[in-house]
Amino acid sequence: MTNLQESLPKELLRTNRSGAYSCSTIVDCNTRKYHGLLVVPVPELDDDNHVLLSSLDCTVIQHGAEFNLGLHKYQGNNFSPNGHKYIRAFDCDNVPTTIYRVGGVLLKKEVVFQHYEDRILIRYTLEDAHSATTLRFRPFLAFRSVRQFTHENSIASRDYQEVDNGIKTCLYADYPELFMQFSRKCQFVFQPDWYRGIEYTKEQERGYASNEDLYVPGYFEMNIRKGESIVFAASTSETNTRTLRALFDKEVEERSPRDNFFHCLINAAHQFHLRDKNGERYILAGYPWFKPRARDTFIALPGLTLSIEEDDYFEAAMKTAEKGLRNFMDGKPLTVKLYEIEQPDVLLWAVWCIQQYAKEKGLETCRAKYGKLVLDILSYVQSGKHPNLTLETNGLLKTDGTEHPVTWMNSVANGRPVVPRTGFIVEFNALWYNALKFGAEMATAGKQETVARKLEALAEKCQISFVKTFLNEHDYLFDYVCDKGIDWSVRPNMVFAAAFDYSPLTSDQKKKVIDICTRELLTPKGLRSLSPKSGGYNPMYTGPQVQRDYAYHQGTAWPWLFGFYMEASMKLYKRTRLSFLERQMVGYEDEMFYHCVGTLPELFDGNPPFHGRGAVSFAMNVAEILRALEQMEKYKY
């Protein structure tokens with residue numbers, strides 16, 4: 001903790017499942033513009049999250065001597081006030097807990113984010129002290145979008161009002177008021193000032209502007225006795241301060257422990273849950289900058305819910321998603337906030353998602369709940385009404401991705417797709433074949449024999465064309481085939497054709513695909529997005545935005561792809577491949593101690609030492625590793 005080279009790269013995320021979050025490094029030094037103690041959506045302003053309270057510095061005062069436990073980085077690589085040097089222990093098995101020692105003072109700090117309320121709670125406990133002790137708290141306010149910075153200005157309002165055991169303030173119009181309150185009486189000293197030139201290293205690394213000024217309205221001060229606890233609350237609504245201690249205890253009791261790999265993943269899975277003000281349930285694609293994206297939702301939903309026996313949330317999120325799907329297919333405006341639902345593979349992933357529910361709950365239960373939706377999706381795709389997905393005479397699906405990215409490989413540079421996947425795309429058609437076969441199974445169960453026969457006939461045509469179009473003489477699958485030619489790049493998208501329950505490939509063909517993936521794409525952190533033997537391999541996701549865009553899908557490793565690789569391997573090799581896959585899991589378990597503690601980041605460099613990059617916590621990665629763990633357990637017994 002006292003070695004900043006070791007502790008600053010480690011981040012910690014807390015969420016409230018309503019879109020707000022709290023995120024910083026484990027030493028509470030913000031290194032991203034997305035970091036903050038209280039970051040909330042402000043729908044009255046825009047669709048972004050906004051940092052209200054950036055940080056809270058605590059100062060221990062004894063015999064007139066002040067010891068500031070805060071930490072900020074300023075220009076010129078200057079850190080102040082170096083509060084990390086007082087840290088003696090850190091633990092986040094249950095809730096993040098930091099122990100500070102200042103001389104004879106032992107101060108414990110615990111942090112939780114209240115469920116479904118925009119309220120961060122911090123409990124300070126004076127565990128030991130040999131003389132009278134005073135605590136001083138200095139809040140650093142930002143009141144700005146996570147995509148911007150704030151700087152010293154004359155527009156920011158310095159007004160504040162006293163409330164029960166604290167104050168409320170609001171720097172700018174249209175923002176919610178920020179309430180800062182304590183569990184017992186305190187003194188607030190109005191001493192407004194701007195702290196200038198605070199610097200965020202992660203933004204520097206990414207080639208962005210990285211400096212801002214933060215407004216400090218003054219400080220709170222109170223005495224504290226040995227053994228006493230004080231709870232601080234920062235929120236967009238006033239709280240009853242007499243209940244803060246009990247509220248903190250209640251929130252702690254509801255926390256999932258993070259005492260092993262599996263529990264860490266469960267805890268992370270819950271952080272992607274999102275309930276909006278209308279009661280709609282979503283899956284956030286990742287923190288800190290992603291929204292609920294349709295493709296991510298359908299890929300992640302089974303792992304985040306069914307794999308940990310939380311079927312209720314699957315059904316709640318799918319109820320919201322179905323509204324979006326039907327809005328789209330009916331050509332109506334969306335009534336739910338499910339982004340990128342127009343992408344051509346979203347409908348196909350929705351069918352795959354429902355298929356996982358059928359495997360968990362039984363075909364008949366699934367058919368009763370989602371049978372009509374599945375058949376309606378298949379009918380819609382066949383009708384040719386999708387704006388960018390057409391069913392060709394050979395039984396395959398075709399799409400246009402030359403101008404805009406249409407697959408999960410969606411990086412753009414200079415307004416053009418970095419990987420212009422277009423025409424017949426391998427995973428689209430693997431998904432299509434799987435959907436047709438599952439739809440036929442569903443129709444048969446519902447005694448819709450005519451529908452089932454039509455789907456089976458189309459699946460048979462698709463299977464023949466798939467092998468003819470994608471399988472090459474080197475025993476792997478082309479990534480995409482279009483009018484302008486064939487993409488010979490070795491990419492991981494062929495793994496889906498080997499993994500799905502219904503595959504257009506024979507067992508021998510699937511084994512050869514998996515063997516290629518093992519030799520050229522598999523890393524300890526997932527499958528590479530491009531083989532090192534293919535042209536354009538660029539495995540290091542570093543540098544300015546354009547440089548990172550070109551590397552995003554050109555060799556970086558993605559953990560969520562490992563879930564499908566594992567599924568295909570287990571189906572083909574059964575228990576003989578189990579010990580190998582268990583060893584692969586060690587690479588993900590190690591990540592629980594790095595980057596964002598207890599979760600998995602968006603992607604990794606494709607070459608050693610496989611540094612984590614991108615979003616600090618990514619739903620599809622957590623979901624697929626959970627699903628992989630569940631499937632491996634089934635093969636053990």
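**Reading helices, burial and cysteines**

Author: Helices here are DSSP runs of H or I with at least four residues, numbered from the N terminus. This is a predicted model, where local features need pLDDT of at least 70, side-chain atom pairs count only at pLDDT 80 or more, and totals for chains, interfaces and linings use all residues. Residues are numbered from 1 along each chain as its sequence is written, and side-chain values use heavy atoms, with hydrogens and water left out.

Reader: Is Asp549 buried or exposed?

Author: Buried means under 20% relative accessible area, exposed over 50%, and partly exposed in between, using a 1.4 Å probe and protein chains only. Asp549 counts as buried because its relative accessibility is 14%.

Reader: Which residues does Asp549 touch?

Author: Contact means heavy atoms within 4.5 Å. Leaving aside residues up to four places away in sequence, Asp549 touches Ser411, Val412, Ala413 and Val418. Asp549 and Asn414 are 135 residues apart in sequence, and their C-alpha atoms are 9.8 Å apart in space.

Reader: How do I read two packed helices?

Author: Two packed helices are described by the angle between their axes and the distance between the axes. Axes are lines fitted to C-alpha atoms, for helices over the stretch in contact, and angles run from 0 to 180 degrees between N-to-C directions. Under 35 degrees counts as roughly parallel, over 145 as roughly antiparallel, 65 to 115 as roughly perpendicular and the rest as oblique.

Reader: At what angle do H4 and H16 pack?

Author: H4 (residues 261–271) and H16 (residues 619–636) pack at about 140°, with axes 10 Å apart, so they are oblique to each other. Phe261, Phe262, Leu265, Ala268 and Ala269 of H4 meet Val622, Ile625, Leu626 and Leu629 of H16.

Reader: And what about H14 and H15?

Author: The axes of H14 (residues 559–573) and H15 (residues 578–589) come within 11 Å and cross at roughly 170°, so these helices are roughly antiparallel. Among the residues that meet are Phe562 and Met566 in H14, and Leu581 and Met585 in H15.

Reader: How many disulfides does the structure hold?

Author: A disulfide is a pair of cysteine sulfur atoms within 2.5 Å. The structure holds zero disulfides. For Cys186, the closest cysteine sulfur, in Cys58, is 13 Å away, too far for a bond. Cys517 is in no disulfide either, as the nearest cysteine sulfur, that of Cys462, is 19 Å away. Cys517 is buried, with a relative accessible area of 0%.

Notes: Helix = DSSP H or I, 4+ residues; strand = E, 2+ residues; numbered from the N terminus.
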